[in-house]
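The following questions and answers concern the packing of side chains in one protein chain. Please consult the sequence and the structure while reading.

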Amino acid sequence: IHDGIKDALVNGNERSTTLVMKSVGNTERVYKNGVAKEVQDIERVNPGKIDAIRHLVSGENYRKSFQESGDPESSVWSCGVVMGLI
């Protein structure tokens, strides 16, 4: 895992997460960032339509953030509220 992601986890708190993909029945708790907000906004307009958010929740985006860029703002990635205890 890239140091940028580790830093985001250490510097975050229990309010640094949010839920996405509720409308498609696959709710996931993720790091709260601009991409997560965009997913939520699209879900409000297109509930239940995975094709509308697929490009944002792709595992390839997650992989690039964790292994290449280390940018915690560039993708939707799973984390829990326990990050507030780190």
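A residue is called buried if its relative accessible area is under 20%. The structure discussed here is a predicted model.

Q: Are Tyr31 and Trp77 buried or exposed?
A: The cut-off for burial is under 20% relative accessible area. Tyr31 and Trp77 both fall in that class: they are buried.

Q: At what angle between the planes do Tyr31 and Trp77 form an aromatic pair?
A: A pair of aromatic rings is described by the distance of the centres and the angle of the planes. For Tyr31 and Trp77 the centres are 4.7 Å apart. Planes under 30 degrees apart count as stacked. The pair is stacked, and its angle is 15°.

Q: How many residues apart in sequence are the parts that the pair of Tyr31 and Trp77 ties together?
A: Tyr31 belongs to strand S2 (residues 28-31), whereas Trp77 is in the segment after helix H4 (59-69). The pair therefore ties together parts whose separation in sequence is 46 residues.

Q: Which geometry, stacked or edge-to-face, does the pair of Phe66 and Trp77 have?
A: Phe66 and Trp77 are both buried. Their ring centres lie 5.4 Å apart, with 75° between the planes. Planes over 60 degrees apart count as edge-to-face, so the geometry of this pair is edge-to-face.

Q: Which residues do ring pairs link into a cluster?
A: The whole structure holds three aromatic pairs. Trp77 pairs with Tyr31 and also with Phe66. The cluster linked by ring pairs consists of Tyr31, Tyr62, Phe66 and Trp77.

Q: Which element gives the most residues to the largest nonpolar core?
A: The largest nonpolar core has 10 residues, including Val20, Val35, Ile53 and Val76. Two elements give two or more residues to this core: helix H2 (34-45) and helix H3 (50-57). With four residues, the element that gives the most is H2.

Q: How far from Glu43 is the nearest side chain of opposite charge?
A: Glu43 is part of helix H2 and is buried. Its side chain reaches the backbone nitrogen of Lys22 at 3.2 Å. A salt bridge requires a side-chain nitrogen of Lys or Arg within 4 Å of a carboxyl oxygen. Glu43 has no salt bridge, and the nearest side chain of opposite charge, that of Lys22, is at 7.4 Å.

Note on methods: Residues are numbered from 1 along each chain as its sequence is written. This is a predicted model: local features need pLDDT of at least 70, side-chain atom pairs count only at pLDDT 80 or more; totals for chains, interfaces and linings use all residues. Side-chain values use heavy atoms; hydrogens and water are left out. A nonpolar core is a set of buried Ala, Val, Leu, Ile, Met, Phe, Trp, Tyr and Cys residues joined through side-chain atoms within 4.5 Å. Buried means under 20% relative accessible area, exposed over 50%, partly exposed in between (1.4 Å probe, protein chains only). Rings of Phe, Tyr and Trp (its six-membered ring) pair if their centres lie within 6.5 Å; planes under 30 degrees apart count as stacked, over 60 as edge-to-face and the rest as tilted. Lys and Arg count as positive and Asp and Glu as negative; His and the chain ends are not counted. A polar contact is a pair of N or O atoms within 3.5 Å; within protein, one must be able to donate a hydrogen and the other to accept it, and residues adjacent in sequence count only if both atoms are side-chain atoms.
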